Amino acid sequence: MVSFRATLRVLALTKICNQPYSLPRLVNSFLPDSLRANCGNYSTMPSAEPITAPFGTWKSPLESETVYQKSASISNLLVDAKTGKVFHVESRPSEAGRSLLLDTALTLGSADKVIKTDPVPVVSSSSNVRNRVHEYGGLAAQVYDGYAYWSEFKDGRIYRRRLDADADLENVEALTPESDVYRYADFDIHPMCSHLLVCVREDHTEPEPSKVKNGLVLVDMKSKSIQEIRPARAEGFYAFPRFGGKDGSKIAWIEWEHPDMPWEGTTLWYSAFSAQNVSLEPIKVAGEHLRVSVNDVKWDIANPEKLFYLTDKTGYVNLWSIDLSDPNAQPDIAMYPLAHDLGEPLWQLGPSWYAVISANDALIAPNMDGERTLCHLDLRKRRVTPISSDYRDVSNIIRINDKQAVFLGSKYDESSKIVLVTLGARGGDATFQEIEPSTTRGGAKLAKAYISKGECINLTVDFPPPADQTHSKKVDLHVTLYPPTNPEYKASDGELPPTVVQVHGGPTSRSPPVFNIFYQYFTTRGFAVLDVDYGGSSGYGREYQDRLTGRWGEVDVYDTIQAVVELGKMGKIDPKRVAIRGGSAGGYTTLACLTDSKVFSAGVSLYGISDMKLLVDDTHKFESQYMVKLMGGTLDEIPDVYEKRSPITKAENITADLLMLQGLEDKVVPPEQARTLVRKIEGAGGHVEAVFYEGEGHGFRKLENLKDSLARTEAFLKSAFKL
């Protein structure tokens, strides 16, 4: 038995070890194993007094040449519903950013807290398991009853391979014909007629965004035929086609149409299904155009006629269900209503934000003021019970059996990992085992003493009134601050750190407060990093998300500036030394902040939007009408608003140093936008550095380009801050 005083001593030491600005000089052998684990690897910790040096000049253990080396990341988890085997998809920057499907090689029953596995490739070394449906892709693979199915990036076709232990990886079967215009995603296999596969198909026969068509198709793997079961429409979209009902006698899906985005207004449908007659008779279940969205559709495990789904009908994304065995049944919330979102926007197809484990148990992950934590849901009592863990962001929750599931979990000091959770006898009881595939080992390592822990801060700021109003109101603003952290250094008394403000993309998205190697690269050098979930970000309810409606380029800019002002007042950052960085929509907010204020000393825009009018003409189908709501009307209706909010029309206002990083194959924000902005800034006498990467699209995947962009960003910021 440990005494109360001894417990306090351990807690006190643990608190000291986790302090971001200091490190106690403790001898490794003096500490018990449990406490030593909390404080990281002491063999790498200095024993001397910290060196006094200005923020931003500290020497870091992370180098640009090695920080992304062997940094394979896991993008998707899959479980064969017949066999319970776990699979995952890895993205590998060192292999030109290709994605690979692997058998995780997890054997259930181990008592180890960390289960090391040697994954087995399911596809050949030349495969790239990826698609470009909606340009962002999603769910490019499925595994069912000993077969793997995937979309091949190089030709867009669906392939199948039997998962025999000694099977040749090159021995694959093409399920769809050769085509350079079709893209496939979001697969599901019929439970009884396993030769039938349903999925989303995107048709680029006419490549203009307004003419690209999306539909639902049924692939017959015996006859190699493809039948359209929901009409391909230029104005429409589909997601989550899922077989259900007794013996697969039903099928459900969601759909939406322009100008909705899938987090704004979608509708859930189902129909009877027969392999002999695949004509559908759709019946609407939930959702509403423009007002109510539906996401993540799943059939119940215990009752095959029961359908679960996420919807924001209450103002927050909660879990709902309907029992379709009763013709008079109405949708009902499946949990005690929470003022927290259980899901995120459908930027990529096929996410899994919850798992129905058994007749009584489900796992959910509500966003609790920025942290998406795992909870148990008692389906009978509708009671939600938090499950204690260190995971600050939980996603991709997939059922294995009546007691177990896997998910991707991130901590403040560790990047995303595969986690096996086993439920206990009571709702909040569970044990966790981390799965460590050999293919993801390696890469940059950082002792805990060097790791900056994100501090979630809830600010109260004014919500700026529209131009025709004068009265503002007080609203919440969620930010996360990562302070400078390096046990080898300290700053002089009274000095405040230079700060990199990070603006997420989307704009309907958010930044989870978890380990981010890019952030740590800078915090170990003496910079602070500030994430801003400006009004319009996801995860905080529909009202928070809708703040950006009609106000993109205003609310996000105002909130980002206010975050800097407020943290400066709190004495957490140096408000005179602040840079701003963002990609895509975050790049737009970066540029808009530079044109509309003098708060920032420098900016880094990654494939950022600069011309709203050109974006309307050039961008892809999925987002082609996104701006109708964000801007408050179409380009024809309010051309002056589009011009006023375009950074390119105010390029001469950018007096801060600017670094622009752009992919030459970007279909979302074409590189010509960056080129035009560079010419205008230079013509006005501004200082801008632009780098264009060959073979990169909307986001960088190749190792050499990740390294280069990081090194350039560091050099640029140090020059801007005169460090």
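**Salt bridges and a pocket**

Modeller: A search of the whole structure, a predicted model, finds 54 salt bridges.

Colleague: Which side chain does Glu63 meet in a salt bridge?

Modeller: That of Arg525, at 3.9 Å from N to O. The pair links distant parts of the chain, 462 residues apart. Glu63 sits in the loop between β1 and β2, and Arg525 in the loop between α3 and β37.

Colleague: Is Arg525 buried or exposed?

Modeller: Arg525 counts as buried, at 3% relative accessibility. Glu63 is partly exposed, at 36%.

Colleague: What about Glu344 and Arg510?

Modeller: Their side chains meet in a salt bridge at 2.4 Å, N to O. Glu344 lies in the loop between β22 and β23, and Arg510 in the loop between β36 and α3, so the pair ties together parts 166 residues apart in sequence. Glu344 counts as buried at 12% relative accessibility. Arg510 counts as buried at 10%.

Colleague: Which residues do salt bridges that share partners join into one network?

Modeller: Arg230, Arg233, Glu235, Glu255 and Glu257. Within that network, the side chains of Glu235 and Arg233 meet at 3.8 Å, N to O.

Colleague: New topic. How much space lies in the second largest pocket?

Modeller: About 1,100 Å³. It is lined by 40 residues, and the closest to its centre are Ala81, Asp188, Arg242, Trp299 and Ile301.

Colleague: Which elements give two or more residues to that lining?

Modeller: Among them are β2, β11, β15 and β19.

Colleague: And how do the lining residues divide?

Modeller: Into 22 nonpolar, 8 polar and 10 charged.

Conventions. Residues numbered from 1 in each chain as written. Predicted model: local features only at pLDDT ≥ 70, side-chain atom pairs only at ≥ 80, totals over all residues. Heavy atoms only, no water. 1 Å grid on protein atoms, 1.4 Å probe; cavity = no way out; pocket = protein on both sides within 12 Å on 5 of 7 lines; lining within 4 Å. Points joined across faces, edges and corners; volume = space filled by probe spheres on them. Helix = DSSP H or I, 4+ residues; strand = E, 2+ residues; numbered from the N terminus. Nonpolar A, V, L, I, M, F, W, Y, C, P; charged D, E, K, R; others polar. Salt bridge = Lys/Arg side-chain N within 4 Å of Asp/Glu carboxyl O. Buried < 20%, exposed > 50% of the residue type's maximum accessible area, 1.4 Å probe, protein only.
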